[in-house]
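Let's take a walk through a protein model, one piece at a time. Keep the 3D view open and find each part as you read.

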Amino acid sequence: MAKEEASSVVSDLINFLNASPTAFHAVDEAKKWLRSVGYEQVLEREDWKLEVGKRYFFTRNHSTIVAFAVGKKYVAGNGFHIVGAHTDSPCLKLKPVTKVTKGGYLEVGVQTYGGGLWHTWFDRDLTAAGRVIIRKEKDGSVSYSHRLVRIEEPIMRIPTLAIHLDSSSVSDGFKVNTQTHLLPVLATLVKAELNKVVVEDGGVESGIQTDAKKTNQRAATNNSKHHSLLLQLLASQIGCEPDDICDFELQVCDTQPSIVAGATKEFIFSGRLDNLCMSFCSLKALIDATSSESSLEEETGVRMVALFDHEEVGSNSAQGAGSPAMLNALSRITSSFGSDSKLLEKAIQRSFLVSADMAHGLHPNYMDKHEDNHQPKLHGGLVIKHNANQRYATNAVTSFIFREIATKHNLPVQDFVVRNDMACGSTIGPILASGVGIRTVDVGAPQLSMHSIREMCAADDVKHSYEHFKAYFHEFSLLDPRIKVDVDDKSVVDIYVE
């Protein structure tokens, strides 16, 4: 890869990260990106009319997105070449009732999402972002819509307790009670009261008076659940009145931007690298592998990227990898080009999934946490993850395919196995492999500080990941017919050559 192109990939990732504080925003950025290069949106609740050589995408819950490009030589029953990743990261999400007042402070009630390193959330400049359901009334007609929102400036903080008041933290370590210690401070009560605009009837605190009984009731309900100051900040950002806010899904976010850093500018310091880094690399690879007029000319399959929500909490939701979303997509695409129901089963057996989720890089201060022969290093390229107990879905055939593509394109690749005396994490790989029946390899770029509010990875591995995924999209249709498994020739694997 040329130096200028490599630099552009990293710069694009930084922009993507800074625009994507939540899964909703990440999907919104992906939509803008796909549309800008000619991908057409289809809706799951409508019929699809697909054509070979065309490119499409759909979203589910606006937190999961699936994009695909149909090869010009595709026929129903041919395979899907997929990279799967996830849009969510561990964070603090606002509770249904956030209003907490203690000791003269306004605090915001939050619940933990995923397995975060919660001590890293203390003493950070925090804000809120997510989606809001708003009510619109025009000409006597009422409609409801969701709007993305992000308050740019720091509005909250979770302060640590001074060491003088907790000397045990020196001997016993800093221990977080996630119920009582993790409430962000929004304001002091006295300042909030001074800034409050009270209308004559006491019903609405937005500064705009209304006589509508239902409006006052909504405002009273909202103000009993949430601090009016928080609602005012959200309404101001959206451009509506606080009583137009019907509900929301918000999370606490760090305001520090993602950057290229380190003494030699070799690292990326950012939140949400797990797993927006892999989401970005796979999406950019798909776009660049399908952007030219000739890129799909000889393609016999469907190139696809699927970015799911809720991986960090098990994927069991309507928009998680445990839902029928993937299988539904494969079925609808296949049936758009052929009516035989058996074609889907054949297509799945001809398909391949790269489950892309960030990997554990070797930590110089905790080297004993890695197995001696499996120590993925930053700058070392994508990591192929193995686990005999199927916490990862990789097997000899799928790892060979992914490694062979790397060899042909002179890309580095590494291996990871967790120590026998440590628990192993998992990914969407085993979920989709078992739920859909698709061949799968689990991979990821190495990183440090996984699940911290501020993580780090190597800029080189962003480039390696992008190049590897792009090569996979270009090469898989050529390589797969040469892999002989479940046939009567002793499962010989013919290594392909150009």
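## A loop to start from

Val 52 has a relative accessibility of 36%, so it counts as partly exposed. Keep in mind that this is a predicted model. To find Val 52, look in the loop that runs between strand S1 (40–41) and strand S2 (55–60).

Now hop from there to Ser 168, which sits 116 residues away from Val 52 along the chain. Between the C-alpha atoms of Val 52 and Ser 168 there are 66 Å.

## The sheet with mixed pairing

Strands S1 and S2 bring us to an open sheet of 9 strands. Reading across, the order is S1-S2-S3-S13-S4-S14-S18-S16-S17, and the pairing is mixed. Which strands are at the edges? They are S1 and strand S17 (413–416), each pairing on one side only.

You can see both kinds of pairing here. S2 and strand S3 (residues 64–70) run antiparallel and are joined by 6 bridges, with Arg 55 standing opposite Ala 69 in S3. Strand S4, on the other hand, pairs in the parallel sense with strand S13 (residues 302–308), over 7 bridges. In that pair, Gly 84 is opposite Ala 306 of S13. S4 also runs parallel to strand S14 (residues 352–356), joined to it by 4 bridges, and there Val 83 faces Val 354 of S14.

## A covered strand

Stay with S4 (residues 80–86) for a moment. How many of its residues are buried? The count is 7 of 7, so this strand is mostly covered. Phe 80, Ile 82, Gly 84 and His 86 are buried on one side, and His 81, Val 83 and Ala 85 are buried on the other. In other words, both faces of S4 are covered.

## The antiparallel sheet

There is also an open sheet of 6 strands, with antiparallel pairing and the order S8-S7-S10-S5-S6-S9. Strand S8 (141–150) and strand S9 (185–188) stand at its edges; each has a single partner strand, so one side of each has no neighbour in the sheet. If you ignore direction, neighbouring strands of this sheet are turned by 30 degrees against each other on average.

Zoom in on S8 and its partner, strand S7 (residues 126–138): these two run antiparallel and are joined by 10 bridges. One of the pairings to look for is Lys 138 with its bridge partner Ser 141 in S8.

## A helix with a buried side

Next, find helix H6 (residues 228–238), where Ser 228, Leu 230, Leu 231, Leu 234, Ala 235 and Ile 238 are buried. Why do they end up on the same side of H6? Because they cover an arc of only 155 degrees around the axis. After H6 comes Gly 239, with a positive phi near 95 degrees.

What about the empty space? Rolling a probe the size of a water molecule over the atoms shows where such space is left.

The largest pocket holds about 910 Å³ of space. It is lined by 35 residues, and the closest to its centre are Asp 274, His 360, Gly 425, Met 450 and His 451. Helix H11 (428–436) and strand S19 (446–448) each supply at least two residues of this lining. By class, the lining has 14 nonpolar, 15 polar and 6 charged residues.

The second largest pocket holds about 550 Å³. Its lining has 23 residues, with Gln 349, Arg 350, Arg 439, Asp 480 and Ile 483 nearest the centre. Helix H10 (396–408), strand S18 (439–444) and helix H12 (459–479) each give two or more residues to this lining. By class, 8 of the lining residues are nonpolar, 10 polar and 5 charged.

## A cavity to finish

Which residues line the second largest cavity? They are Asn 222, Lys 225, His 226, Ile 245, Cys 246, Asp 247 and Phe 248.

Helix H5 (213–225) and strand S10 (245–254) are the elements that give two or more residues to the lining of this cavity. S10 gives the most, with 4 residues. By class, the lining divides into 3 nonpolar, 2 polar and 2 charged residues.

Conventions. Residues numbered from 1 in each chain as written. Predicted model: local features only at pLDDT ≥ 70, side-chain atom pairs only at ≥ 80, totals over all residues. Heavy atoms only, no water. Buried < 20%, exposed > 50% of the residue type's maximum accessible area, 1.4 Å probe, protein only. Arc of directions from axis to C-beta. 1 Å grid on protein atoms, 1.4 Å probe; cavity = no way out; pocket = protein on both sides within 12 Å on 5 of 7 lines; lining within 4 Å. Points joined across faces, edges and corners; volume = space filled by probe spheres on them. Nonpolar A, V, L, I, M, F, W, Y, C, P; charged D, E, K, R; others polar. Pairing = 2+ DSSP bridges. Axes fitted to C-alpha atoms, helices over the stretch in contact; angles between N-to-C directions.
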